[in-house]
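Please go through the model shown here with the text beside it. The paragraphs take up a sheet, then some charged pairs.

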Amino acid sequence: MNAVELTSVTKRFGSVVANDNVTFAAQVGEVHALLGENGAGKSTLMSVLAGLYRPDAGTIAVNGAVQHFRSPRDAIAQGIGMVYQHFMLVDSLTVAENAMLGQAGHGVRLHTAPVERELAELGQRYGLAVDPRARIWQLSVGEQQRVEILRLLYRGAKVLVFDEPTAVLTPQEAAGLIGTLRDMAADGLCIIFISHKLDEVLAVADRITVLRHGRTVTTVERRATNRHELARLMVGRELMGVVADQPQAVAGDAGVVNLEVRGLSAEGDKGVRALQGVELQVRSGEILGIAGVAGNGQRELAEVITGLRRATSGEVRIGGQDTTRCSPREIVAAGVAHIPEDRNGTGLIPSLDLQDNLILKHYRQQPLARGLFLNGAAIGNFADRLLSKYNVAAPSRAAKARLLSGGNQQKLLLARELSGQPRLIVAVHPTRGVDVGATEAIHHLLLAQRSRGAAVLLISEDLDELLALSDRIAVLYEGKVMDTVPARGADVGYLGLLMAGGAQSGAADHGRPMDTGGIINQDVAH
Amino acid sequence: MLVISVLAAAIGAGTAILFACLGEILCERAGILNLGVEGMMLSGALAGFATTYGTGNPWLGALAALAAGGLLSLIHALLTISLNANQVVSGLALTLFGGGLTAFLGQPLVGLPAPASFGKLPIPGLAAIPVLGPILFRQDALTYLSYALVPLLWYWIYRTRPGLYLRAVGESPATVDAMGLSVQRLRYIYVVLGGMLAGLGGAAISLASNPGWTENMTAGRGWIAIALVIFATWNPTRAAVGAYLFGGVEALQFRLQGAGTSISPFFLNMLPYLFTIIVLVLATRETVRRRIAAPAALGLPYFREERS
């Protein structure tokens, strides 16, 4: 029986059509994956189902009866709940208090004790242990996700939607979550799993619906499909294959050390220690990948190297020059390119046009500048040259940067940063929120820079990306480098353990296959 | 004896600020910054005095003050919650509007004697307690009301279900929305409640501590109340401490002037505001050290389908 059924749903944001006549149905007792690239309209569709967005056209039916959701309250009343990508939790409240938000209650007084008991029981039943009295800010990201799931179960949700739930987890945690989802489906719940990762969709789902450009492509049975077919359905063409295994530099190659970080410590935004005695070396012609779960010091590391954050102790040397106390401008002059985490905040100025964004690093130089004035003609040429060289799809160089898609914004940013033949490239999540085509292009650009002799520090949460591009991988956990291993032949299970802070003894476990293995090499029985 | 009378005066002077500060705590807990406290206090002070002048009943005056403050804050709610206006600008406009409107409407009432006011009302038994009795229990009815309001609001915020929603909506409106509660409704309720308390704070001046009406009679107390919200770390019990501290400085300053000291009265008049700045500096240092932050969504508009 169909637990939920969306028929001909259309949702527009201004002139952008996020969902165009989409039809989707999920059954009781199944895990149903919603597969599609970033921007395919998966999250929008599910936000419509969860009552957060109101569709412009189309109907929603729950257990066969048509419903009109005016707010999430209506959807919750029908047993539909969603675990959002950005957790919907109040940091300063406890787990139990978060669960009680909006729940129809008895009386005015706050009775947390019975809620705490019930949450503990539910946690035990589904292997989602978390202290109901802990405050959210005290919990790890993985635990916060458990709180989200427990809250939905506590409130009696029968249909649970997960929006890219593994993005914030270590491989082990992700494998654990997939087990939990299978258990919940076996218990008669309907699980909808949004993802753009083929492997995890194949590991978890019973059926898979593919979305592309806001339209339904098809729905297939897990048994009757494979990785290649799904990739083709999702992208609309054959993938060129993962960029992997270009000739990689041999570790310890004699290239010049372009970046050297010694005993580096720094504080995070809240004054807590974000980096503790980090030691790194990146040589010319080498890509060093930094793996780790979000919030373990990756952002701070990139910011200290690029001069945006002050180090409390330690040293950063770029091309042999001590840049620890240098300003961002001096560091740019030392030949550093920075592709920051939030391209619209730190990377680009969305309300300026493309050519202004492109000259942000170069506007003081001849011929773009003539004394106090800017040379319009030279800037136009410069911009046009970069836009075509880096394949930025844009109506003109005078278009505003915010009108570009995520992938094109990222290419615009790369065009500016890579155009000066940098000695060191600090790239933070360079392909996050970018479609598959642009991801390929960005990977090729980074590899080309490596071949040219640049040193690349690649920070990413996507282990597959790191394994495909890096020469060596260092794992950050709570601001410390746990270990650095050659990327070729690296064991995902071992990396996952490091990401979770385990195996501090280091090389002893190295290379031993883990029985908890990552999703990538995990075989889920159906 | 002198100390006791100064402390008693401190409580009386602090009452108006306490009401306004409690109101602003509710408003900011809901995530809306309302800088219009001064304007709402003035409108409450005038409405309270005018109504009492017309009817001879200060209780009707207090009700009118509640209504006037609530009405003015409703403008702020409409602008910032429904129309997405900038909260700082809207609040400042409210203060200017309240000041101008009351100066205009209150002209015929300037200097008139109050036909009735909230006089000192010693509580039998309690007032006889040595030291504490004369300080706490020989006050006016509005002050007793403020005594009751402090624990009541504390309990409401930290121990009740609606209080949980209030804390949540100021921290993460998106969460509250996703959990099926109406962000807009919660915010409207607390902005208007906050305005009503500010209005009552104005009446505590025009009907109790300084019965009568003069233009701009709140003299910056609304701004001090806003500053005290930070000192109070959005907690009603600490608001009482802050309000009475300020009341104490004010009372002391009056007493010194009355005693005919050689210090310039302009300098003495300045003391409460100087004190506010010092307290704010100290309080901010403490909040940073103890990591007590303002409600995370304070000052930020919330719209569900807004996409970045």
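In chain A, four strands make an open sheet with antiparallel pairing, in the order β12-β11-β14-β15. The edges are held by β12 (273-283) and β15 (321-322) of chain A, each with a single partner strand, so one side of each lacks a neighbour in the sheet. Strands are DSSP runs of E with at least two residues, helices are runs of H or I with at least four, and both are numbered from the N terminus; two strands pair if DSSP finds at least two bridges between them. Strand β14 (residues 311-318) of chain A is joined to β15(A) in the antiparallel sense by two bridges, and Gln321(A) in β15(A) is the bridge partner of Ile318(A).

This is a predicted model, in which local features need pLDDT of at least 70 and side-chain atom pairs count only at pLDDT 80 or more, while totals for chains, interfaces and linings use all residues. Residues are numbered from 1 along each chain as its sequence is written, chains are lettered from A and ligands numbered from 1 in the order written, and side-chain values use heavy atoms, without hydrogens and water.

Over all chains there are 23 salt bridges (a side-chain nitrogen of Lys or Arg within 4 Å of a carboxyl oxygen of Asp or Glu). One of them joins Arg207(A) and Glu30(A), at 3.0 Å from N to O. Arg207(A) lies in strand β9 (residues 207-212) and Glu30(A) in the loop between β2 (16-27) and β3 (31-35) of chain A, 177 residues apart. Both Arg207(A) and Glu30(A) are buried (under 20% relative accessible area; exposed is over 50%, partly exposed in between, with a 1.4 Å probe and protein chains only).
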